[in-house]
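Here is a short report for a reader meeting this structure for the first time. Please look over the sequence and the model before reading on.

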Amino acid sequence: MELRAALPAGLHESALEQLEAPARHDDEPRPKLESHGDYLFGVFLIPVVIPDEDLVYYQEVDVIVTKDELLTVRKTPESGRPPFESQSAKDACREDDPLGMIVYHLIDDIAECYLDLVDGVNDEIDELEDHVEAWTNEQVRQRLSDLRHDLLHIRRTLAPMRDAVRAVVDNRVELDEDELFSHDVELAFGAAYDKFLRAFDGLELSRDLVASVRDYHVAKVANDQNEVMKRLTVIASVLLLPTFIVGLYGQNFDRIPELGWAFGYWWSWGWIVATTIAQLAFFRWKRWI
């Protein structure tokens, strides 16, 4: 009831449902900034990075902008963490700033959050690169999967935020009867748009870095398998000649060389030992073992 009392008259029912909806951020809601005649309705998602927990979660801020008023609805995430508090945006505002400039300061603060998010993701990728040799294959695969999931989620939120700011820069979002975003404000929004572009370019670079780590990991696994196969081949080859010698001397014939020789048994063992040592020396020379 308190929210409904603070809202301007004539608010569309779909906007009211979005304002009252709980904060869930799988794929919906998508960030947006839309004109509805005498007011603007926006949904913004702000990323928060917690490096110690390898966690990224999103805070939702819904805005209603009229010619005289800016109303923000800050939603508490399901995790119970605190809602978004844009202290830097408040500090940047001056008393004589028009309402459109205040909206810009809020958007600019959100753009800085996305730049920080991309930097945080790159730090996670650097950590993975540093430990890809030490971690188990299962740990590396799980970390790669988590990073790819995070990158896809960031892309789904960052792209609509960028498009919403671009709509303001292109003068496609405005009140019907009043000018909310003057030319100076649109130029300021251009700076925020540049930050979103930088964040998006950084996100693409992060995706390429994750792909590089994945390719390196796949090559490492294949190389480890080759080393295992090489050792198994060496073992099979070492056992091949002794098996042949034992099979040769184990044939059930009366006339076998060395059959009546007192040292025949040791003769066969001599061949086994000699051929084994010769093979091991050859494999060592070839650096196969």
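## The model

This is a predicted model. Residues are numbered from 1 along each chain.

Strand 2 covers residues 40-50, and strand 3 covers residues 55-65. These two pair in the antiparallel sense over eleven bridges. Take Phe41: the bridge partner of Phe41 in strand 3 is Ile64.

## A helix across the sheet

## Helix 5 with helix 6

Two packed helices are described by the angle between their axes and the distance between the axes. Helix 5 also packs with helix 6, which spans residues 183-249. The angle is about 160°, and the axes are 9 Å apart. An angle over 145 degrees counts as roughly antiparallel, and helix 5 and helix 6 are therefore roughly antiparallel to each other.

The crossing of helix 5 and helix 6 is left-handed. The residues of this contact divide into 22 nonpolar, four polar and ten charged.

## Helix 4 with helix 6

Helix 6 packs with helix 4 as well. Here the angle is about 15°, with the axes 9 Å apart. Angles under 35 degrees count as roughly parallel, and helix 4 and helix 6 are therefore roughly parallel to each other.

Helix 4 passes helix 6 in a left-handed crossing. By class, the contact of helix 4 with helix 6 has 23 nonpolar residues, four polar ones and six charged ones.

## An aromatic pair

Six aromatic pairs turn up in a search of the whole structure. One of them joins Tyr114 and Phe196. The ring centres lie 5.9 Å apart, and the angle between the planes is 55°. This pair is tilted.

Tyr114 sits in helix 4 (residues 99-131), and Phe196 sits in helix 6. The two residues are 82 residues apart, and the pair links distant parts of the chain.

Terms used. This is a predicted model: local features need pLDDT of at least 70, side-chain atom pairs count only at pLDDT 80 or more; totals for chains, interfaces and linings use all residues. Side-chain values use heavy atoms; hydrogens and water are left out. Two strands pair if DSSP finds at least two bridges between them. Helices (H or I, at least four residues) and strands (E, at least two) are DSSP runs, numbered from the N terminus. Axes are lines fitted to C-alpha atoms, for helices over the stretch in contact, and angles run from 0 to 180 degrees between N-to-C directions. Angles under 35 degrees count as roughly parallel, over 145 as roughly antiparallel, 65 to 115 as roughly perpendicular and the rest as oblique. A crossing is left-handed if the near helix is turned anticlockwise from the far one by less than a right angle, and right-handed if clockwise. Ala, Val, Leu, Ile, Met, Phe, Trp, Tyr, Cys and Pro count as nonpolar, Asp, Glu, Lys and Arg as charged, and the others, Gly among them, as polar. Rings of Phe, Tyr and Trp (its six-membered ring) pair if their centres lie within 6.5 Å; planes under 30 degrees apart count as stacked, over 60 as edge-to-face and the rest as tilted.
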